[in-house]
Amino acid sequence: MSKLPLGSVFKIILKKKTSLRFLTGTIASFSFSIAVILSTIGLMDGYVVTLKEALAKSNGDIKFTSPESFFLDEGHLFKSSQDIEAYTTLLQLESFALINEQSKGVLLKGIDQEKFKRVTGINTEKLGETGVLLGSQLQKHFDLKVGEQITLAVASGKAKNQGSVLLRSFTIKGIVDHGIFEKDLRFIYANKSTVSNLLDYKDGTSNLGLIKLKPEVSIESALKQFAAKYGEDYGFEAFWSEFEVLLDAVEVEKVSISLILQLIVIVAILNVVAFIIFIYEIKAQDFFMLRALGLSIKSFQNFWFVLLFLIWSISCLISIGLVEIFTYAILKLPFLQIPGDIYELNELKTILDVFDYMYVFGVSLVWIFLIGFFTMRRFKKQSLISGLRQEFS
Amino acid sequence: MFLEVKNVYKSYGRTEVLRGLSFQLEKGQDLAIMGGSGSGKSTLLYTLGALERIDKGEVLVDGKNISKMEDEQLALFRNRFIGFVFQFHFLLPSMNCLDNALLPAKIGGFKLKEIKERVLNLANILGVSHCLKKYPYQVSGGEQQRLNIIRAISLNPKLLLCDEPTGNLDSKNTTNVLQVLRNLSEEIDSTLIVVTHDAAVANSFHKKITIEDGQIIS
């Protein structure tokens with residue numbers, strides 16, 4: 001029934017500076033607690049997404065290997081499959097990089113540049129016979145520059161020289177950034193034919209394959225299909241398989257931590273309750289008057305719920321801003337940046353999708369209305385006159 | 001019968017405030033309720049004004065049984081049917097006196113233009129036109145009480161309930177305010193019920209009841 005403008009009620013509620021300060025504090029604590037949960041979830045999602053993106057960058061969609069370690073690729077593997085957009089095979093082996101009397105264990109990956117680019121998207125400089133590409137962390141580790149020389153030590157593949165070491169100098173043609181710390185520190189790319197020749201292997205000899213699927217094909221269904229069709233010759237894995245356990249753990253952790261962090265929201269909501277009680281007590285006389293003049297309990301409750309909704313909406317908006325500030329800080333402030341050697345990634349930022357926002361905002365909305373509802377119920381039960389008398393007693 | 005109070009009981013926790021109270025009032029009569037502090041006279045007034053629900057009994061105003069109304073109906077009833085005048089004025093400090101006087105109209109969703117005209121007219125009659133743009137704390141106690149009366153009668157209520165309306169005023173203002181209440185209630189054909197401590201004030205009413213321990217004793 002009431003047509004009393006909301007503005008009038010808010011004016012009554014927020015007339016005193018104390019009320020306004022209390023409300024500001026309430027919104028600040030609520031938005032901060034929402035931001036903490038969003039940032040935590042965002043960091044975890046950011047970790048998963050960044051890791052998966054980085055893995056896809058070096059692995060394509062699907063990796064395959066042979067149970068016999070080496071296999072021959074003469075350019076017509078999986079010819080009958082309609083799901084594959086491109087594939088490439090690699091010849092990779094453990095090696096040592098030697099620079100200025102320092103050495104580091106690396107993984108030398110022999111690639112077919114054109115095909116590798118089509119599968120992974122990594123754009124490589126023309127390598128030629130003596131060129132290599134270095135992972136970005138390895139380049140930093142040795143402080144190397146494009147055009148400088150690097151010596152690689154590999155075990156000889158020839159039967160008669162088995163176990164002996166082959167040393168070969170290469171020219172650095174470019175730097176590759178996979179986004180995964182370990183890969184950037186360990187990977188060196190050379191032409192596949194160069195690696196084959198170095199080891200005296202037959203052309204086409206490979207020990208790893210990468211597949212890029214057509215966009216409409218899901219990885220899970222392709223894995224099943226390939227296993228059924230080519231399972232005897234090759235083993236297939238999704239591009240994230242090497243970090244699968246870690247990714248699963250992060251997902252579980254995300255749910256657990258976001259549940260635990262609800263405690264912060266509850267504490268913030270207790271501030272909201274304190275605000276309601278504070279206002280109700282200092283404005284008892286005004287509320288009594290409004291009721292006496294014809295404001296129904298229902299209309300009165302509606303005003304409270306609108307106020308709670310406003311507190312929630314403003315807090316949500318502020319929390320989005322706080323998350324942005326946090327994301328900026330972890331990317332730009334050195335002391336907040338994550339150690340890549342521990343977290344695998346070179347850089348980590350918060351990534352939040354619509355579902356994350358809906359989940360966190362939705363849960364906080366449920367909390368605020370639930371606790372608001374019970375507080376309202378308490379007031380509803382209390383006699384208006386007795387409340388007023390208590391106020392003036 | 002305009003007002004019928006039948007065997008009304010009301011308690012706050014274990015404290016019985018009204019104990020089997022009954023009386024009647026005909027249209028055109030006004031009523032003074034007297035009693036000591038804590039006798040239950042204000043609770044009775046708030047019960048008549050549909051601000052407090054009774055535990056037992058019936059209250060009929062102009063044939064409407066308000067003890068059986070739902071909250072929304074009671075709110076509508078208060079807005080359209082009742083005018084309240086309180087001892088401590090209860091003008092809201094967050095709005096100016098004109099907005100205070102227009103509050104019942106705003107709450108009830110009335111067209112403000114007509115009500116505003118009426119309020120301005122009443123303010124003129126009661127000599128408080130100069131107060132309308134001011135906030136309550138900027139006007140005197142007597143002026144506040146007159147503004148309070150304007151708010152109470154702004155929607156022409158059929159029942160005008162006053163809780164010690166002159167309790168806070170000096171003798172000159174008391175006489176003025178009572179006279180104003182009488183004149184205005186007659187003008188708008190409203191039934192006036194006043195809670196008072198003052199026997200002289202009570203004696204000037206058509207009907208007078210005295211309450212003690214929640215019961216009518218005279």
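Trainee: Which classes do the residues lining the second largest cavity divide into?

Mentor: Keep in mind that this is a predicted model. Rolling a probe the size of a water molecule over the atoms shows where empty space is left. The lining of the second largest cavity divides into six nonpolar residues, no polar and no charged ones. Those residues are Val9(A), Ile13(A), Phe287(A), Phe300(A), Phe303(A) and Trp304(A). The most comes from α11(A), with three residues. The space in this cavity is about 40 Å³.

Trainee: How many cavities of 30 Å³ or more does the structure hold, and what volume has the largest cavity?

Mentor: The structure holds two cavities of that kind. The volume of the largest cavity is about 80 Å³. Its lining has eight nonpolar, two polar and two charged residues. Residues from both chains take part, including Ala292(A) and Leu293(A) from chain A, and Arg78(B), Phe84(B) and Arg151(B) from chain B.

Trainee: Which element gives the most to the lining of the largest cavity?

Mentor: That is β6(B), with three residues. In chain B, α2 (71-81), β6 (82-86) and α5 (141-153) supply at least two lining residues each.

Trainee: Let us turn to helices. Which residues of α7(A) are buried?

Mentor: An α-helix has 3.6 residues a turn, so residues three or four places apart point the same way. In α7(A), the buried residues are Ile219(A), Ala222(A), Leu223(A), Phe226(A) and Tyr230(A). They lie on the same side of α7(A) because they cover an arc of only 105 degrees around the axis. Lys224(A) and Ala228(A), on the other side of α7(A), are exposed.

Trainee: What do the buried residues of α7(A) pack against?

Mentor: They pack against four strands of chain A: β1 (62-65), β3 (84-99), β10 (208-213) and β11 (235-238). As for its length, α7(A) runs over residues 219-230, twelve in number. From first C-alpha to last, α7(A) reaches 15 Å, close to the 16 Å expected at 1.5 Å a residue.

Trainee: How many residues has helix α6 of chain B, and what span does it reach?

Mentor: Helix α6(B), residues 171-187, has 17 residues and reaches 24 Å from its first C-alpha to its last, close to the 24 Å expected at 1.5 Å a residue. Among the buried residues of α6(B) are Asn173(B), Val177(B), Leu181(B), Arg182(B) and Ser185(B). The cover over the buried residues of α6(B) includes the strands β6, β7 (159-163) and β8 (191-195) of chain B. Helices α4 (112-126), α5 and α7 (199-203) of chain B are also included in that cover.

Trainee: What is the phi of Asp189(B), which follows α6(B)?

Mentor: The phi of Asp189(B) is positive, near 60 degrees. Most residues other than glycine have a negative phi, and most peptide bonds are trans. Ala50(B) also has a positive phi, about 65 degrees, although it is not a glycine. Ala50(B) sits in the loop between α1 (41-48) and β4 (56-61) of chain B. For Asp62(B), phi is positive too, near 50 degrees. The place of Asp62(B) is the loop between β4 and β5 (64-65) of chain B.

Trainee: Which residues are in contact with Ser315(A), leaving aside its neighbours within four places in sequence?

Mentor: Ser315(A) is in contact with Ile27(A), Phe30(A), Ser31(A) and Ile34(A), those neighbours left aside. Ser315(A) belongs to helix α11 of chain A, and it is buried at a relative accessible area of 0%. Ser315(A) and Leu38(A) are 277 residues apart in sequence and 12 Å apart in space, C-alpha to C-alpha.

Trainee: Where is Thr26(A) found?

Mentor: Thr26(A) is in helix α2 (residues 17-59) of chain A. Thr26(A) is buried, with a relative accessible area of 0%. Apart from neighbours within four places in sequence, Thr26(A) is in contact with Asn271(A), Val272(A) and Phe275(A).

Notes:
Residues are numbered from 1 along each chain as its sequence is written. Chains are lettered from A and ligands numbered from 1 in the order in which they are written. This is a predicted model: local features need pLDDT of at least 70, side-chain atom pairs count only at pLDDT 80 or more; totals for chains, interfaces and linings use all residues. Side-chain values use heavy atoms; hydrogens and water are left out. On a 1 Å grid over the protein atoms alone, a cavity is a set of points where a 1.4 Å probe fits but cannot get out, and a pocket is an open set with protein on both sides within 12 Å along at least five of seven lines; lining residues have an atom within 4 Å of a point. Grid points are joined across faces, edges and corners, and a volume is the space filled by probe spheres set on the points. Ala, Val, Leu, Ile, Met, Phe, Trp, Tyr, Cys and Pro count as nonpolar, Asp, Glu, Lys and Arg as charged, and the others, Gly among them, as polar. The expected span of a helix is 1.5 Å times one less than its number of residues. Buried means under 20% relative accessible area, exposed over 50%, partly exposed in between (1.4 Å probe, protein chains only). The arc is that of the directions from the helix axis to the C-beta atoms. Contact means heavy atoms within 4.5 Å.
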